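Subject: Structure for your review

Dear colleague,

Please find below the structure that I am handing over to you. My notes on what was found in it follow directly after.

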Amino acid sequence: ILFTAQYGSGSVAAFPVATDGSIGKRTALIKHSGSGPDKSRQEAPHPHSATVSPDNRYLLVPDLGTDKIVIYEIDHATATLKEHGFGTAVPGSGPRHLKFSHDGSKVYVVNEMAMSLTVFAYEAAAGTMTPLQTIETLPKDLWEIPNKAAEVRMHPSGKFVYASNRGHDSITAFSIDEKTGLLTFVEREAIRGAYPRNFHVDPTGQWLIAAGRASNTLSMFHIDQKTGGLLFTTDVLNVPDPICLEY
């Protein structure tokens with residue numbers, strides 16, 4: 001099944017995918033409702049991404065406009081969705097993207113408007129999520145120009161998590177407590193480019209590549225395997241308008 005989140009129209013959709021990879025007729029279209037406290041950005045629902053749970057039972061949709069992570073139960077037989085519940089983000093934070101921990105017990109949500117990450121405990125059996133911690137990716141004393149958090153990525157080891165800060169043009173690194181799943185700030189590293197809408201960690205966990213959309217660049221960083229810190233390698237590749245990196 002293919003799932004899409006429509007930021008502008010405030011909806012989520014589902015499409016069946018055939019064995020040959022072709023996309024079938026839409027089987028679900030659900031319109032979100034509600035708003036948030038910031039009327040300039042949260043005047044209406046704005047679903048920003050759609051992520052399937054590790055057990056393939058639920059779809060989690062961060063909605064920037066309503067400060068909720070909406071949870072849907074997936075019906076694989078009919079390729080449809082059923083509203084199941086939601087996780088609640090900090091009011092006015094604007095949840096954008098999320099990643100699961102390796103064991104599936106935690107969800108890490110990047111909040112675009114508040115420049116923060118929220119850690120949720122995730123109960124797979126019930127399909128529920130409870131907030132545990134919210135930690136800033138960029139402190140307010142560094143908000144000298146308009147800033148927007150963008151992407152969150154998990155290190156392959158499960159020991160570190162990273163978030164990008166547009167405007168400040170940096171990547172923030174956090175270490176993950178192996179027992180609690182909570183985050184500790186490690187460092188904030190400039191991407192040597194502009195407007196990191198996206199970035200990725202390679203499958204070996206050795207390298208982080210940051211995409212500077214406004215600078216038309218891809219910048220390479222070496223990852224310290226003990227601390228999760230980033231070291232700029234001086235390697236920069238020119239790429240027109242890089243938006244998303246995937247392996």
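In these notes, a residue is called buried when its relative accessible area is under 20%, exposed when it is over 50%, and partly exposed in between (1.4 Å probe, protein chains only). The model is a predicted one: local features need pLDDT of at least 70, side-chain atom pairs count only at pLDDT 80 or more, and totals for chains, interfaces and linings use all residues. Residues are numbered from 1 along each chain as its sequence is written, and side-chain values use heavy atoms, with hydrogens and water left out.

Aromatic pairs

Rings of Phe, Tyr and Trp (its six-membered ring) pair if their centres lie within 6.5 Å; planes under 30 degrees apart count as stacked, over 60 as edge-to-face and the rest as tilted. The whole structure contains three such pairs. Strands here are DSSP runs (E, at least two residues), numbered from the N terminus. Both partners are buried: Phe100 has a relative accessible area of 11%, and Tyr122 one of 5%.

The pair of Phe221 and Phe232 is tilted, because the ring centres are 5.4 Å apart and the planes stand at 45 degrees. Phe221 is in strand S18 (residues 217-223) and Phe232 in strand S19 (residues 230-238), eleven residues apart. Phe221 is buried, at 1% relative accessibility.

A salt bridge requires a side-chain nitrogen of Lys or Arg within 4 Å of a carboxyl oxygen of Asp or Glu. Seven are found in the whole structure.

The N to O distance between Glu112 and Arg41 is 2.9 Å. Glu112 is in the loop between strand S9 (106-111) and S10, while Arg41 is in the loop between S3 and strand S4 (51-52), 71 residues apart. Glu112 is buried at 3% relative accessible area, whereas Arg41 is partly exposed at 22%.

With Arg96, the closest N and O atoms of Glu112 are 2.7 Å apart. Arg96 lies in strand S8, so this bridge joins the loop between S9 and S10 to a part 16 residues away in sequence. Arg96 is buried, with a relative accessibility of 3%.

The bridge from Glu112 to Arg166 has an N to O distance of 3.5 Å. Arg166 is in strand S13 (residues 160-166), so the two parts tied together are 54 residues apart in sequence. Arg166 is buried as well, at 3% relative accessible area.

An open sheet

Strands S12, S13, S14 and S15 form, in that order, an open sheet with antiparallel pairing. Strand S12 (148-154) and strand S15 (183-190) are at the edges with a single partner strand each, so one side of each has no neighbour in the sheet. Two strands are taken to pair if DSSP finds at least two bridges between them. Strand S14 (residues 170-176) and S15 pair over seven bridges, and Ser170 has Ala190 in S15 as its bridge partner.

Yours sincerely

Technical notes. Helix = DSSP H or I, 4+ residues; strand = E, 2+ residues; numbered from the N terminus.
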